[in-house]
Amino acid sequence: MVLDLHAVRATGRLARANPVAKLAAAFVLGFGVALSADPLTPALVLAAVVAALAAGGVTVRIMLVRGWPLLVSAATLGLTTLLFSDSDQPWLTALTVTIRVFAIALPGVVLLLTIDPTDLADSLVQNARVPARFAYASLAALRLLPLMAVEWRTIGLARRARGVDAGRNPAARLRLFAGTVFTLLVGAIRRGTRLAVAMDARGFDATGPRTIARPQTVRRSDVGLVLGAFALLAAAVVGSSALGTFRPFWA
Amino acid sequence: MSHPHEPDLADTGPPDPDSRGRVLPPATRWRTVDIVVAAVIAVAFGVVFWAWNHLWTASGPAFTAFPPGQAFMYGIWLVPGVLAALVVRKPGAAVFASLVAAAVSALLGTTWGVQVIWYGLLQGLAPELVFLATRYRRFGLPVALAAAAAAGLTAASLDWFYYYRDWSTGWLVVYYAVLTTSAVIVAGFGSWALTRSLAGAGALDAFPSGRERRPV
Amino acid sequence: MRGLDLAIEPGERVLLLGPSGAGKSTLLTALAGLLDPDHAGDAEGRLTVDGLDPRATRDRIALVLQDPETQLVMARAGDDVAFGLENRAVPSPEIWQRVDAALATVGFPYDRDRRTDRLSGGEQQRLALAGAFALSPQLLLLDEPTANLDPVGARLVRGAITAIQRTTGATTLLVEHRVTETLELVDRVVVLAPGGGLIADGDPADVFARHGDALAAAGVWVPNRPLPTRRARPVRPDRSNAWGGATAEPDNSVVTAQDLLVADRVGFTHRGTSRPALDGVSVSLRAGEALAVVGPNGSGKSTLAAILAGLAAPGKGTVRATATLAGADARLPPHRWRAHELADRIGTVFQDPEHQFLTGRVRDELAFGPTRRGEDVDAVRRRVDDLLDRLRLTPLAEANPFTLSGGEKRRLSVATALTTDPAVLVLDEPTFGQDRRTWVELVELLAAHRDAGGAICAATHDEAVVTSLADRVLTLEVRRPAPIPDREVAA
């Protein structure tokens, strides 16, 4: 697996929506569905979400490509529930878990595909009042991620060159792993310290206000997105209650 | 390995006068280097998590896909928060680093999408409360272990809420126990030992956690 | 650093020299107003910029450091230049004009949206310079800006610095290793003494004429001073290329008795790219011979080094060891050997010495290889003591390897590769950023290995290594369509 943050970026209206709004919508949907305990409510939400995403520019193909690990994990969880639960309807319970877990996470997985990290940082600072220093320092650190991935491999090779490899022995593999983590962290912290000096040299630690080079606005459609998430949840609950299947998790 | 003994107390004792003789309050404002290094630790662990997953997929899906195995391996996911707090020693370090680590996982395309952010937030908040309880004055082994245990219990509780609501009590207890043990060993003892080794390597010279390194 | 008395006038362009540890970087950091009072260390004396404490004048000062990767903050080039402007609360409408002007001044070859992780080292440093220039500095502090770059990148960065100096008339204080090439950027040279004070201060030609010997002995790269030559055999002038060394013969059809490793038409393509990093390279490493692998950035030098060292499998072609090197294991290619077998036959020295450190003490690092091989404890100790002595590392025997200086770490990493007595030594940019003294020591170490019958393969863009040490040179070329021409700033 190649560590690359600039993976599939869906085009369309969803891509242009405000990042914080997208995040909020995903959280609302996820948390809302998590509160339910029946199989129908999540299923309704899921169907509606897939339709809405497709309308917003994310093709079903992308959803499948990006969503299948989630589906597999959800199914595995269902299987686990089957094994470890003591309910009197194990298959129904397992199915409920599978659908619910999938429905909680899918909107988030897909919406993430449409979020650029820089846009997210800008939006968090401008629209969600996150302190600029924390947001942009995190963004700067994030830039070092591909470098550190390469470094991980290089450190492993360097150890091989010195005669250290783990083969099949699990204890040896763990020791090698721990040593590599240590070396990676030394380099990472040193780099971080230097990066901090460079950022301060460019005025990052000034106490006054910062100006904005890339404005992130909250449009009516963005507010609509979040409200839509609430509405979707409400509709699913109403629908499920009407059919008599709705059950919150505390019931 | 030659480690100088690192005192448990953070050096926020009686404030020293600065070069002009004014007495300043103990530094609780985050310097840029504090923020960047806390974030960098989180990002570095983004790489570590990826490599950790790789390491374990070789041991077969039966172990990695199922909860007992996952609980056993869980400790490492809790390291960034505790480690950042031990290194940077500023209020909020555990929450911040844990959040950033979760965000990195999400951006890399984790299976679970943005929901890991909740995990990051709460898994960082728990140790943060432990450090807060010591008024950010103690960063030795006992606090590290307690912080890690708190993180572990929180993680297990989140898993219960999201995935394991329907388990029998017996299995839940086992899950909690295995996970918390993994947390205490890896994220508690491991983070503490790692901090000391990093200090010995001179990587922490910009921080109070590295200040006591013996010059050679 | 201590006991320093120095005055610099506005508009002066100064080169700051001195051996490692003399405090050049500390001085620059202090001038930039960035010396952290919390950081380990104490301060004495007075340091002012424009008569004020540097912390008060920080908005007039720009600092550019040597590692481009840890200076860039944003994912897109334009955003990175805008970063400093945002911090200084430059009004939003003005920001992008100044960004574009800065990019043009340094000759940045791409537009604003270029991803910063898709830039070469030289392009990244020019971007960092653009970021500094955009803030209209009156004092420009440059801490080894070309140290991490290949010669081409370094030249372009120097061009960008000249452009900035001409446009702003800023006072410049520059720390650099490559003195010869940097002289065109400065009119005054200041040399710090280790332990305190100044050795020299004044016109460059003057300073080098009077103090050249002392400076060279202290590790400063004094211009026009020849380096020792350690070639095994004389150069054949009729086949010399621009580097002054012989080109490698391509005939590997005959395996001579001296061959240790033979690479036949090796090719390699990195995962996720379409163009091969290496294609059809054939070379052999021979006992008692030093081979230099040269070529511009992107020509595959490091890839070839990794393949020869048994750390990567070739995508095409083969690498085989001879029976002389590997005995019965010669039938397996090196990348299939177990690590301990590999370390006994081929030693590798990486670009970053820290990647190879395994223990917490210098002494343990040196003892690691022999101990792993099961040598007798006393024999190991004697060997380690001898090595520590030869490398002048004895006072640091108990120190953590990570805390050593750059030159010490480099010496240690070469030494640890040699402790397992490999016949072949592969090095990736061994003289990267070294001062003169370490450089000479390193070349001596390598020459000794070669003269004792070992083989050396060094991937390098340091011309001096080629002229001083290499018996053969393999030149790799970049096979790609012509890149976007760099807008070289008119001199």
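Two strands are taken to pair if DSSP finds at least two bridges between them. In this predicted model, strand E1 (residues 13-17) and strand E4 (residues 171-175) of chain C are joined by four bridges and run parallel. The points below cover the sheet of chain C, a helix pair in chain B and the domains of chain A.

**Sheet of chain C**
- The open sheet of chain C has six strands in the order E2-E3-E4-E1-E5-E6, with mixed pairing.
- Strand E2 (61-64) and strand E6 (198-202) of chain C are the edge strands, each pairing on one side only.
- On average, neighbouring strands of this sheet are turned by 15° against each other, direction ignored.
- Within the sheet, Arg13(C) stands opposite Thr172(C) in E4(C).
- Helix H1 (residues 24-31) of chain C lies across E1, E2, strand E3 (139-143), E4 and strand E5 (188-192) of chain C, and runs at about 150° to E4(C).

**Helix pair of chain B**
- Helix H7 (residues 141-162) and helix H8 (residues 169-200) of chain B pack at an angle of about 145°, their axes being 7 Å apart.
- The crossing of H7(B) and H8(B) is right-handed.
- Residues of H7(B) that make the contact include Leu141(B), Ala148(B), Gly152(B) and Trp160(B), while those of H8(B) include Leu172(B), Tyr176(B), Gly188(B) and Trp192(B).
- By class, the contact of H7(B) with H8(B) comprises 20 nonpolar, four polar and no charged residues.

**Domains of chain A**
- Chain A is assigned domain 1 (13-121 + 218-242) and domain 2 (130-201).
- Taken over C-alpha atoms, the centres of domain 1 of chain A and domain 2 of chain A are separated by 34 Å.

Definitions and conventions: Residues numbered from 1 in each chain as written. Chains lettered and ligands numbered in written order. Predicted model: local features only at pLDDT ≥ 70, side-chain atom pairs only at ≥ 80, totals over all residues. Domains from an automatic or database assignment. Helix = DSSP H or I, 4+ residues; strand = E, 2+ residues; numbered from the N terminus. Axes fitted to C-alpha atoms, helices over the stretch in contact; angles between N-to-C directions. Contact = placed C-beta atoms within 7 Å. Left-handed = near helix turned anticlockwise from the far one by under 90°. Nonpolar A, V, L, I, M, F, W, Y, C, P; charged D, E, K, R; others polar.
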